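Please view the sequence and the structure below before reading on.

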Amino acid sequence: ILRCLVGSEMCIRDRNNIFRLVCMASALLLLGGCDDAKYGVIRHAVYFTDAEDSPQKSVVIEESGGRIPITVRSVGRVESDVTVHCVVDPAVLDDYNAKAGTNFALLPEAIYTVAESFLIPQGQAVSIAGVIDVGAYTEEMKNSGSQFALPLRLVSGEGGPQLLASSECLVLSLDQVIVTSAIVLSKAKAPFIHLPFSQAYELSQWTLEFRFNKSMMTNTVGQNIAFGGDDGGYEVRTAVGASHKFYAKVNTVEMSTPATLEANRWYHGAVVCDGVTVNVYLDGELEISKPAPGGIQKFRARFAFGNGLLMAGEKLMGSECRLWSVARTQSQIKFNMYRVNPESEGLLAYWRFDEGEGCEFTNLADPKAPKAYLAKSISAAAQPPYTGEPEWVHGVRSDEN
(Lines give C-alpha, C1' and ligand atoms only; values in the text may rest on other atoms or scores of the structure.)
Protein backbone atom coordinates (compact mmCIF):
# COMPACT_ATOMS: atom_id res chain seq x y z
CA ILE A 1 0.00 0.00 0.00
CA LEU A 2 2.76 2.43 0.97
CA ARG A 3 4.57 1.61 -2.30
CA CYS A 4 1.47 2.72 -4.21
CA LEU A 5 1.26 5.92 -2.15
CA VAL A 6 4.93 6.72 -2.66
CA GLY A 7 4.44 6.05 -6.37
CA SER A 8 1.75 8.70 -6.25
CA GLU A 9 4.47 11.28 -5.44
CA MET A 10 3.20 11.76 -1.90
CA CYS A 11 5.59 13.54 0.42
CA ILE A 12 5.61 12.07 3.94
CA ARG A 13 7.50 14.44 6.18
CA ASP A 14 6.90 13.07 9.68
CA ARG A 15 6.27 9.74 11.28
CA ASN A 16 2.86 10.74 12.66
CA ASN A 17 1.48 10.95 9.13
CA ILE A 18 2.52 7.41 8.26
CA PHE A 19 -0.13 5.74 10.39
CA ARG A 20 -2.85 8.04 9.03
CA LEU A 21 -1.77 7.38 5.49
CA VAL A 22 -1.84 3.63 5.98
CA CYS A 23 -5.41 3.92 7.26
CA MET A 24 -6.35 6.10 4.34
CA ALA A 25 -4.73 3.67 1.94
CA SER A 26 -6.84 0.86 3.33
CA ALA A 27 -9.91 2.93 2.65
CA LEU A 28 -8.69 3.63 -0.85
CA LEU A 29 -8.58 -0.08 -1.56
CA LEU A 30 -12.33 -0.08 -1.07
CA LEU A 31 -12.62 2.79 -3.53
CA GLY A 32 -10.52 1.28 -6.27
CA GLY A 33 -7.38 -0.28 -4.87
CA CYS A 34 -3.77 0.05 -5.98
CA ASP A 35 -3.85 -2.43 -8.84
CA ASP A 36 -2.01 -0.37 -11.47
CA ALA A 37 -2.51 -2.96 -14.21
CA LYS A 38 -6.27 -3.11 -13.92
CA TYR A 39 -7.49 0.13 -12.39
CA GLY A 40 -4.62 2.62 -12.31
CA VAL A 41 -3.42 4.43 -9.20
CA ILE A 42 -5.87 6.66 -7.31
CA ARG A 43 -3.57 9.56 -6.65
CA HIS A 44 -5.75 11.66 -4.33
CA ALA A 45 -8.91 11.36 -2.30
CA VAL A 46 -10.55 14.35 -0.59
CA TYR A 47 -12.44 14.41 2.70
CA PHE A 48 -13.53 16.70 5.57
CA THR A 49 -10.57 17.23 7.92
CA ASP A 50 -12.90 17.17 10.95
CA ALA A 51 -14.44 13.86 9.83
CA GLU A 52 -11.12 12.03 9.82
CA ASP A 53 -11.84 10.36 13.19
CA SER A 54 -15.60 10.84 13.58
CA PRO A 55 -18.50 11.89 11.32
CA GLN A 56 -19.72 14.26 14.06
CA LYS A 57 -18.14 17.35 15.59
CA SER A 58 -19.52 19.50 18.43
CA VAL A 59 -19.11 23.25 18.09
CA VAL A 60 -19.84 25.87 20.78
CA ILE A 61 -21.59 28.98 19.48
CA GLU A 62 -22.09 32.16 21.49
CA GLU A 63 -25.58 33.57 22.03
CA SER A 64 -25.03 36.13 19.29
CA GLY A 65 -23.90 33.45 16.85
CA GLY A 66 -20.46 32.61 15.51
CA ARG A 67 -18.18 31.56 12.67
CA ILE A 68 -16.99 27.98 12.13
CA PRO A 69 -13.85 27.42 10.02
CA ILE A 70 -13.93 24.21 7.97
CA THR A 71 -11.24 22.64 5.80
CA VAL A 72 -10.99 19.64 3.52
CA ARG A 73 -7.90 17.53 3.01
CA SER A 74 -6.40 15.39 0.31
CA VAL A 75 -4.68 12.11 1.09
CA GLY A 76 -1.57 13.58 -0.53
CA ARG A 77 -0.32 16.87 -1.90
CA VAL A 78 -2.20 17.77 -5.06
CA GLU A 79 -0.40 18.30 -8.36
CA SER A 80 -2.73 21.12 -9.44
CA ASP A 81 -5.46 23.22 -7.87
CA VAL A 82 -8.35 21.05 -6.67
CA THR A 83 -11.86 22.30 -5.93
CA VAL A 84 -14.71 20.44 -4.25
CA HIS A 85 -18.17 21.70 -3.42
CA CYS A 86 -20.16 21.52 -0.18
CA VAL A 87 -23.91 21.11 0.29
CA VAL A 88 -26.25 20.80 3.26
CA ASP A 89 -27.87 17.37 3.05
CA PRO A 90 -30.72 16.53 5.51
CA ALA A 91 -30.39 12.84 4.58
CA VAL A 92 -26.94 12.84 6.19
CA LEU A 93 -28.50 13.98 9.47
CA ASP A 94 -31.29 11.40 9.26
CA ASP A 95 -28.74 8.66 8.72
CA TYR A 96 -26.54 9.83 11.60
CA ASN A 97 -29.47 10.12 14.04
CA ALA A 98 -30.60 6.61 13.14
CA LYS A 99 -27.15 5.10 13.63
CA ALA A 100 -26.06 7.08 16.72
CA GLY A 101 -29.40 7.11 18.54
CA THR A 102 -29.38 10.93 18.66
CA ASN A 103 -32.23 13.31 17.87
CA PHE A 104 -30.49 16.35 16.38
CA ALA A 105 -32.82 18.77 14.62
CA LEU A 106 -31.90 20.36 11.29
CA LEU A 107 -30.65 23.92 11.74
CA PRO A 108 -33.15 26.30 10.04
CA GLU A 109 -31.86 27.58 6.71
CA ALA A 110 -32.40 31.22 7.67
CA ILE A 111 -29.87 30.91 10.51
CA TYR A 112 -26.73 30.00 8.54
CA THR A 113 -24.62 30.46 5.44
CA VAL A 114 -22.22 27.75 4.25
CA ALA A 115 -19.04 27.95 2.19
CA GLU A 116 -20.04 26.53 -1.19
CA SER A 117 -16.61 25.28 -2.24
CA PHE A 118 -13.12 24.51 -0.97
CA LEU A 119 -9.85 25.05 -2.83
CA ILE A 120 -6.76 22.92 -2.21
CA PRO A 121 -3.89 24.87 -3.84
CA GLN A 122 -1.33 23.14 -6.00
CA GLY A 123 1.35 21.41 -3.92
CA GLN A 124 -0.75 21.45 -0.76
CA ALA A 125 -2.81 18.78 1.04
CA VAL A 126 -5.17 21.04 3.04
CA SER A 127 -7.65 23.50 1.61
CA ILE A 128 -8.00 27.18 2.29
CA ALA A 129 -10.48 27.38 5.19
CA GLY A 130 -14.11 27.91 4.33
CA VAL A 131 -16.42 29.61 6.82
CA ILE A 132 -19.86 28.68 8.09
CA ASP A 133 -21.68 31.63 9.67
CA VAL A 134 -24.36 30.80 12.26
CA GLY A 135 -26.67 33.49 13.58
CA ALA A 136 -28.36 33.87 16.96
CA TYR A 137 -31.10 31.39 17.75
CA THR A 138 -34.68 32.65 17.77
CA GLU A 139 -36.65 32.47 21.01
CA GLU A 140 -38.70 29.67 19.48
CA MET A 141 -35.53 27.69 18.83
CA LYS A 142 -34.26 28.29 22.36
CA ASN A 143 -37.53 27.31 23.98
CA SER A 144 -37.88 24.19 21.86
CA GLY A 145 -35.05 22.50 23.75
CA SER A 146 -33.89 20.93 20.49
CA GLN A 147 -30.22 20.31 19.76
CA PHE A 148 -29.54 21.64 16.26
CA ALA A 149 -27.06 20.33 13.74
CA LEU A 150 -25.82 21.11 10.26
CA PRO A 151 -25.21 18.06 8.02
CA LEU A 152 -22.63 18.63 5.28
CA ARG A 153 -21.68 16.56 2.26
CA LEU A 154 -18.83 17.05 -0.20
CA VAL A 155 -19.66 16.96 -3.91
CA SER A 156 -17.18 16.42 -6.75
CA GLY A 157 -18.24 17.22 -10.28
CA GLU A 158 -17.28 15.44 -13.48
CA GLY A 159 -13.52 15.26 -13.73
CA GLY A 160 -13.22 16.35 -10.11
CA PRO A 161 -11.25 14.59 -7.37
CA GLN A 162 -12.20 11.27 -5.81
CA LEU A 163 -14.02 11.62 -2.45
CA LEU A 164 -13.17 9.42 0.50
CA ALA A 165 -16.52 7.74 1.20
CA SER A 166 -15.88 7.25 4.92
CA SER A 167 -15.28 10.98 5.53
CA GLU A 168 -17.15 12.85 2.79
CA CYS A 169 -19.95 13.74 5.25
CA LEU A 170 -19.78 15.78 8.45
CA VAL A 171 -22.46 16.50 11.07
CA LEU A 172 -21.79 19.71 12.99
CA SER A 173 -23.76 19.64 16.25
CA LEU A 174 -24.16 23.16 17.58
CA ASP A 175 -23.96 23.87 21.30
CA GLN A 176 -25.16 27.45 21.36
CA VAL A 177 -24.38 28.93 24.75
CA ILE A 178 -27.46 29.36 26.91
CA VAL A 179 -27.29 32.11 29.54
CA THR A 180 -29.90 31.60 32.19
CA SER A 181 -30.73 31.76 35.90
CA ALA A 182 -30.37 29.08 38.56
CA ILE A 183 -32.03 28.57 41.93
CA VAL A 184 -29.79 28.54 45.01
CA LEU A 185 -30.53 26.25 47.95
CA SER A 186 -29.03 26.98 51.37
CA LYS A 187 -29.49 26.12 55.03
CA ALA A 188 -30.29 29.75 55.83
CA LYS A 189 -33.20 29.88 53.41
CA ALA A 190 -34.62 26.73 51.81
CA PRO A 191 -32.46 23.61 51.31
CA PHE A 192 -35.08 21.58 49.41
CA ILE A 193 -37.29 21.65 46.35
CA HIS A 194 -40.40 19.45 46.47
CA LEU A 195 -41.06 17.99 43.02
CA PRO A 196 -44.58 16.58 42.79
CA PHE A 197 -45.62 14.35 39.89
CA SER A 198 -49.15 14.15 38.57
CA GLN A 199 -49.15 10.44 39.51
CA ALA A 200 -47.02 7.65 40.92
CA TYR A 201 -44.88 5.65 38.46
CA GLU A 202 -43.80 2.04 38.11
CA LEU A 203 -41.00 1.81 35.57
CA SER A 204 -39.09 -1.10 34.07
CA GLN A 205 -36.57 1.34 32.55
CA TRP A 206 -35.82 4.88 33.61
CA THR A 207 -33.33 7.76 33.58
CA LEU A 208 -32.77 10.48 36.18
CA GLU A 209 -30.56 13.42 35.21
CA PHE A 210 -29.81 16.93 36.44
CA ARG A 211 -27.14 19.63 36.66
CA PHE A 212 -25.75 20.77 39.99
CA ASN A 213 -23.11 22.99 41.57
CA LYS A 214 -21.95 22.87 45.21
CA SER A 215 -20.04 25.76 46.73
CA MET A 216 -18.36 23.46 49.26
CA MET A 217 -17.22 19.85 49.28
CA THR A 218 -17.56 18.91 52.93
CA ASN A 219 -16.54 15.69 54.64
CA THR A 220 -20.13 14.95 55.60
CA VAL A 221 -21.27 11.75 53.89
CA GLY A 222 -24.66 11.70 52.17
CA GLN A 223 -24.92 15.21 50.77
CA ASN A 224 -28.14 14.52 48.86
CA ILE A 225 -28.86 16.08 45.50
CA ALA A 226 -31.88 14.39 43.87
CA PHE A 227 -33.77 11.52 45.46
CA GLY A 228 -37.11 9.73 45.65
CA GLY A 229 -38.76 6.34 45.56
CA ASP A 230 -41.62 4.55 47.27
CA ASP A 231 -42.36 2.75 50.51
CA GLY A 232 -41.29 -0.86 50.65
CA GLY A 233 -37.58 -0.47 49.94
CA TYR A 234 -37.77 1.30 46.59
CA GLU A 235 -35.29 4.14 46.54
CA VAL A 236 -33.34 6.19 44.03
CA ARG A 237 -30.83 8.52 45.65
CA THR A 238 -27.95 10.63 44.37
CA ALA A 239 -25.48 12.48 46.56
CA VAL A 240 -21.96 13.64 47.12
CA GLY A 241 -20.60 10.71 49.07
CA ALA A 242 -17.37 9.81 50.84
CA SER A 243 -14.15 11.37 49.47
CA HIS A 244 -16.28 13.76 47.41
CA LYS A 245 -17.37 11.08 44.95
CA PHE A 246 -20.67 11.22 43.07
CA TYR A 247 -22.83 8.58 44.75
CA ALA A 248 -25.93 6.78 43.51
CA LYS A 249 -28.19 4.23 45.16
CA VAL A 250 -30.91 2.20 43.44
CA ASN A 251 -32.72 0.15 46.08
CA THR A 252 -29.93 -2.07 47.45
CA VAL A 253 -27.38 -1.27 44.72
CA GLU A 254 -24.87 1.38 45.76
CA MET A 255 -22.12 2.87 43.60
CA SER A 256 -19.61 5.74 43.67
CA THR A 257 -17.80 7.21 40.71
CA PRO A 258 -14.01 7.13 40.37
CA ALA A 259 -14.10 10.88 39.67
CA THR A 260 -13.72 13.30 42.57
CA LEU A 261 -16.04 16.32 42.54
CA GLU A 262 -14.80 19.89 42.89
CA ALA A 263 -16.50 22.83 44.59
CA ASN A 264 -17.94 25.71 42.55
CA ARG A 265 -18.15 23.62 39.39
CA TRP A 266 -21.19 22.67 37.35
CA TYR A 267 -21.70 18.95 36.73
CA HIS A 268 -24.30 16.99 34.81
CA GLY A 269 -25.19 13.75 36.57
CA ALA A 270 -27.29 10.91 35.17
CA VAL A 271 -28.40 7.53 36.52
CA VAL A 272 -29.75 5.15 33.88
CA CYS A 273 -31.42 1.78 34.44
CA ASP A 274 -32.31 -0.44 31.48
CA GLY A 275 -33.65 -3.25 33.68
CA VAL A 276 -30.36 -5.15 33.50
CA THR A 277 -27.67 -2.59 34.32
CA VAL A 278 -27.44 0.67 36.25
CA ASN A 279 -25.08 3.17 34.59
CA VAL A 280 -23.87 6.40 36.18
CA TYR A 281 -22.62 9.26 34.00
CA LEU A 282 -20.88 12.54 34.80
CA ASP A 283 -20.87 15.20 32.08
CA GLY A 284 -21.93 12.57 29.56
CA GLU A 285 -19.08 10.18 30.34
CA LEU A 286 -19.77 6.72 31.75
CA GLU A 287 -18.25 6.48 35.22
CA ILE A 288 -19.46 3.18 36.66
CA SER A 289 -21.91 0.32 35.97
CA LYS A 290 -23.45 -2.34 38.19
CA PRO A 291 -26.15 -5.00 37.77
CA ALA A 292 -29.61 -3.57 38.32
CA PRO A 293 -31.61 -4.75 41.33
CA GLY A 294 -34.22 -6.17 38.95
CA GLY A 295 -37.97 -5.78 38.75
CA ILE A 296 -40.11 -2.69 38.46
CA GLN A 297 -38.87 0.54 40.06
CA LYS A 298 -41.60 2.35 41.99
CA PHE A 299 -41.75 6.10 42.46
CA ARG A 300 -44.31 7.74 44.69
CA ALA A 301 -45.98 10.84 43.28
CA ARG A 302 -43.18 13.18 44.31
CA PHE A 303 -39.44 13.58 44.11
CA ALA A 304 -36.99 15.94 45.82
CA PHE A 305 -33.94 18.01 45.03
CA GLY A 306 -31.72 19.37 47.80
CA ASN A 307 -29.92 18.60 51.00
CA GLY A 308 -30.83 19.21 54.65
CA LEU A 309 -27.19 18.69 55.71
CA LEU A 310 -25.86 21.79 53.95
CA MET A 311 -23.24 23.49 56.07
CA ALA A 312 -23.58 27.12 57.17
CA GLY A 313 -22.77 29.27 54.16
CA GLU A 314 -22.86 26.34 51.76
CA LYS A 315 -24.92 26.70 48.60
CA LEU A 316 -26.33 24.13 46.18
CA MET A 317 -27.48 25.25 42.74
CA GLY A 318 -29.55 23.10 40.41
CA SER A 319 -30.97 23.04 36.89
CA GLU A 320 -32.29 20.67 34.20
CA CYS A 321 -33.81 18.03 36.49
CA ARG A 322 -35.57 15.28 34.48
CA LEU A 323 -37.14 11.86 34.93
CA TRP A 324 -37.62 9.57 31.92
CA SER A 325 -39.45 6.29 31.39
CA VAL A 326 -36.73 5.15 28.99
CA ALA A 327 -33.06 4.23 29.38
CA ARG A 328 -31.28 7.13 27.68
CA THR A 329 -28.18 6.31 25.65
CA GLN A 330 -24.83 7.93 26.29
CA SER A 331 -25.15 9.94 23.08
CA GLN A 332 -28.57 11.21 24.09
CA ILE A 333 -27.25 12.25 27.49
CA LYS A 334 -24.06 13.85 26.22
CA PHE A 335 -25.71 15.94 23.51
CA ASN A 336 -28.66 17.13 25.62
CA MET A 337 -27.19 18.19 28.96
CA TYR A 338 -28.39 21.80 28.79
CA ARG A 339 -31.82 21.58 27.18
CA VAL A 340 -34.27 18.99 25.88
CA ASN A 341 -37.56 19.28 24.08
CA PRO A 342 -40.31 19.07 26.75
CA GLU A 343 -42.31 16.91 24.34
CA SER A 344 -39.54 14.30 23.99
CA GLU A 345 -40.74 10.70 23.98
CA GLY A 346 -40.52 9.12 27.43
CA LEU A 347 -39.97 12.40 29.31
CA LEU A 348 -42.18 12.20 32.43
CA ALA A 349 -41.00 15.23 34.40
CA TYR A 350 -38.78 18.19 33.54
CA TRP A 351 -37.88 21.18 35.71
CA ARG A 352 -35.38 23.71 34.36
CA PHE A 353 -35.20 25.73 37.64
CA ASP A 354 -34.58 28.82 35.49
CA GLU A 355 -37.59 30.97 36.38
CA GLY A 356 -35.28 33.65 37.79
CA GLU A 357 -37.66 34.71 40.55
CA GLY A 358 -40.15 33.29 43.02
CA CYS A 359 -40.30 29.98 44.88
CA GLU A 360 -42.17 27.79 42.38
CA PHE A 361 -41.10 25.77 39.35
CA THR A 362 -43.03 24.41 36.38
CA ASN A 363 -42.97 20.78 35.25
CA LEU A 364 -42.53 21.43 31.53
CA ALA A 365 -43.16 17.81 30.54
CA ASP A 366 -46.42 17.37 32.48
CA PRO A 367 -48.87 20.29 32.58
CA LYS A 368 -51.10 18.28 34.94
CA ALA A 369 -48.43 18.16 37.65
CA PRO A 370 -48.63 20.62 40.55
CA LYS A 371 -45.99 23.32 40.78
CA ALA A 372 -42.72 22.32 42.42
CA TYR A 373 -41.76 24.56 45.36
CA LEU A 374 -39.02 25.50 47.80
CA ALA A 375 -39.35 24.08 51.32
CA LYS A 376 -37.43 24.18 54.61
CA SER A 377 -37.72 20.44 55.20
CA ILE A 378 -38.54 17.14 53.52
CA SER A 379 -40.83 14.41 54.83
CA ALA A 380 -43.50 11.96 53.76
CA ALA A 381 -46.10 14.67 54.34
CA ALA A 382 -46.11 17.64 52.01
CA GLN A 383 -44.37 20.66 53.49
CA PRO A 384 -45.68 24.23 53.12
CA PRO A 385 -43.81 26.29 50.55
CA TYR A 386 -40.99 28.54 51.65
CA THR A 387 -42.32 32.09 51.95
CA GLY A 388 -39.09 34.03 52.36
CA GLU A 389 -37.05 35.74 49.67
CA PRO A 390 -35.35 33.05 47.56
CA GLU A 391 -31.83 33.38 46.20
CA TRP A 392 -31.21 33.23 42.47
CA VAL A 393 -28.02 33.43 40.47
CA HIS A 394 -28.26 35.06 37.04
CA GLY A 395 -26.00 34.95 34.02
CA VAL A 396 -25.22 31.23 34.36
CA ARG A 397 -23.68 29.95 31.13
CA SER A 398 -24.44 26.46 29.86
CA ASP A 399 -20.76 25.93 29.07
CA GLU A 400 -19.62 26.74 32.62
CA ASN A 401 -17.64 24.18 34.56
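Two rings of Phe, Tyr or Trp (its six-membered ring) form a pair if their centres lie within 6.5 Å. In this predicted model, ring pairs join Phe-210, Phe-212, Phe-246, Tyr-267, Phe-305, Phe-353, Phe-361 and Trp-392 into a cluster. Across the whole structure, a search finds 18 aromatic pairs.

Two of the pairs are set out here.

| Pair | Centre to centre | Angle between planes | Class |
|---|---|---|---|
| Phe-197 and Phe-303 | 6.2 Å | 35 degrees | tilted |
| Phe-210 and Phe-246 | 6.3 Å | 50 degrees | tilted |

Phe-197 belongs to the loop between strand S14 (192-196) and strand S15 (201-203), while Phe-303 belongs to strand S25 (residues 302-306). The two residues are 106 residues apart, and their pair links distant parts of the chain. Both Phe-197 and Phe-303 are buried.

The other pair in the table is part of the cluster: Phe-210 and Phe-246 are among its members. Phe-210 lies in strand S16 (residues 206-214) and Phe-246 in strand S19 (residues 245-250), so their pair ties together parts 36 residues apart in sequence. Why does Phe-210 count as buried? Phe-210 has 0% relative accessibility, and buried means under 20%. Phe-246 counts as buried because its relative accessibility is 0%.

Charged groups also meet rings. Tyr-267, another member of the cluster, has the charged end of Arg-265 over its ring, 4.3 Å from the centre. Arg-328 lies over the face of Trp-324, 3.8 Å from the ring centre.

Notes
Residues numbered from 1 in each chain as written. Predicted model: local features only at pLDDT ≥ 70, side-chain atom pairs only at ≥ 80, totals over all residues. Heavy atoms only, no water. Phe/Tyr/Trp six-rings, centres within 6.5 Å; stacked < 30°, edge-to-face > 60°. Helix = DSSP H or I, 4+ residues; strand = E, 2+ residues; numbered from the N terminus. Buried < 20%, exposed > 50% of the residue type's maximum accessible area, 1.4 Å probe, protein only. Lys NZ or Arg CZ within 6 Å of the ring centre and 35° of its normal.
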